[in-house]
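Welcome to my notebook. Today I looked up charged side chains and their partners.

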Amino acid sequence: MFGWTGNILRIDLTKKTYKKETFSEEFAKKWVGGRGFAVKILFDELKPGIDPLGPDNKFIVALGPISGIPAPNTGKAVVAAKSPLTGFYGDGNLGTRVSEHLRKAGYDALLVEGKADRPTLLYIENDKVEFIPADEIWGKGTYATNDWIYGKYSKRVGVLNIGQGGENLVRYAVVRSMEGRAGGRTGMGAVMGSKLLKAIVVKGTNDIPQAANDAMRALGSGDLRKVGRIDKQTGWSTQGTTGVLSWCNEVAALPVRNFRRTHHPDAWKIDGERLNVARIATYGCPNCTMRCGITIHDSEGRESELDYENIGLLGSNLEIFDLCQVASLNYLCDDYGLDTMSAGCVLSFYADAIEHGAVSGDFMFGDAERAKLLLGLAARREGKVGHMLADGSLRMAMQFGKSSINYAMQVKGLEVAAYNCKFIPGQALAFGVAPMGAHHKEAWIITYELKNTTRESYGPEKAAKVIELQRIRGGMFEFIVACRFPWVELGWDLDNYPKYFNTITGLNWSSDDMWETADRIYAMIKLHYLREFPNATRQGDYPPAIWFDPSNADTEGPIAGKVLEIDKYDRLLQHYYDQRGYDHRGIPTRATLERLDLVKEAVEAAKYGNLL
Ligand code: PTT
Ligand code: SF4
């Protein structure tokens, strides 16, 4: 077997033991890696109903066959566990040197179980694992933790760590890596914290088994240079993801005031051009020649790395149009290890709920200083307000009542990404059916939808496009494990990825083989969800209610008077189910399960509810 090391490292924090386990070629071909490995292992090993913040949960770092090899944008890793935010499978994908080091240490995945008896740092070097007491860095932010680790082990190691947010079990705490990388919006940092696992440090010095070493090296290195040349022509690295902000403002898709408005005259103050002017440095993940991590000085002079999502949700959505203040909120999220996106939605929901009388409190849109204080309260779970904010929008809405659930901007418990779909049916569907909750990583159809289709249409072609994008983005890139940006942003041909995969594994997969694997993984996430929530209905695949509410329509601008129509959305959802081979409840049909070779898993899931 080439392309895989064939090993998973299992570490038990309770017993302080570890063992190298092998997996079969059949397993490798069926699940490939990354999200595929994670979803299958967690389904098999976690009993439904376990506490995601208890010792029974398992934390996985999973890589793919092309992770860590010199080829375009392969320095990524998937982190996964049962999510404390949504209550079922959750994961994230972040840039980290762990991708190369873990593979060179001889593993395709790392599985951490149990709970340490004191704050712990795991040090992995090839076959050796050490459980290092981490009391000295427990309570510290991610920047200080990273510096401490670099001081102890040098910068030439792979690091994953958490801040106070993860330690204090904030349900949307992320895992951090390198200078500005963060992943695991579904609370993967809190899962590490619940295990008293402050950091994972990996050093690997072996070779990654490859079918054609020389051919892969020539192909990968040559393509890295080619991608770098395209980047120089497009200038992508000058604004990174933030280039999309002014476009969202123009087309009425920007989140403003807890998604109640779709554009704002001051949006230009926080757009990509302003970011580029203020830029002090540009960072990238390993094996990347299109570095998109742009940093600026925040209002207190600290270096802070901003992406579109961070600015959209901590900026315009809170009506904060001062880039340095937005950078400060972003810096705090990074240092505490909180997901900027959920944090932004939680704060905007809080301000909105206060304004609409659902709860009393002291926070208003536009108040950057108070927002900073609230982030601190949440990260430390300080007082009633801190605890409330740390639990995320869905739980807050359950507490507030008074129809506040209608404007809690979340799907399945995960807060919505920074695209205001008040009148964008396809992207609204993409959020509704995103398997882990409202994440844009699965199907980002918005630019295609607004540039190539009629905005008003709820036709089957939009469902088809959502599925096509899910297969590529939430599927292939998450199981071969590479950054999708060369394809999304620079038009780097998608066929290159099966080519890398085939060169390193010696297999001969077509794109269709990739899509079938993607469908299997999506169906498997669905089975996780249904096993945890057997009474779930198709309404679970609806976006937030406020997007259907005529009283929330814009009063001026390009979509004045328009909102989504619920009957039409429901028909669009049915098109999606039909094309996916799911029934009217959104459950994969028997024929689909057979096609994807998932009958055994479905029978297991069916024990908990009426699935089959
Ligand atoms: C991702 C989510 C995103 S997606 C952003 S900005 W984006 C936010 N970034 C955060 C941050 O920063 N700090 C913080 N404290 N919280 C943050 N939360 C948010 O997390 C990320 C890039 C980006 S930037 C995107 S779209 C692409 N995402 C990819 C993906 O998901 N898969 C893949 N195969 N390739 C991808 N390439 C791009 O990577 P989550 P990163 Mg992130 C500081 O993981 O949980 O999915 O959340 O990893 O290394 O920082 O790169 O406009
Ligand atoms: Fe990382 Fe950005 Fe490069 Fe992707 S394009 S690998 S997110 S720096």
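I began with E113 and K58, whose side chains meet in a salt bridge at 2.8 Å, N to O. By salt bridge I mean a side-chain nitrogen of Lys or Arg within 4 Å of a carboxyl oxygen of Asp or Glu. This pair links distant parts of the chain, 55 residues apart: E113 sits in strand 6 (residues 109-113) and K58 in the loop between helix 2 and strand 3. I take helices (H or I, at least four residues) and strands (E, at least two) as DSSP runs, numbered from the N terminus.

A note on my source: this is a predicted model, where local features need pLDDT of at least 70 and side-chain atom pairs count only at pLDDT 80 or more, while totals for chains, interfaces and linings use all residues. Residues are numbered from 1 along each chain as its sequence is written, and side-chain values use heavy atoms, with hydrogens and water left out.

Is K58 buried or exposed? I found K58 buried, at a relative accessible area of 13%, and E113 is buried at 14%. Buried is under 20% relative accessible area, exposed over 50%, partly exposed in between (1.4 Å probe, protein chains only).

K58 also meets E45 in a salt bridge of 2.9 Å, N to O. E45 belongs to helix 2, 13 residues from K58, and is partly exposed at 29%. I then saw that R10, K19, E21, E45, K58 and E113 are linked in a network of salt bridges.

My last pair was K198 and E167, 2.6 Å, N to O. K198 is buried at 0%, and E167 is buried at 10%. I noted 59 salt bridges for the structure.

Key. Chains are lettered from A and ligands numbered from 1 in the order in which they are written.
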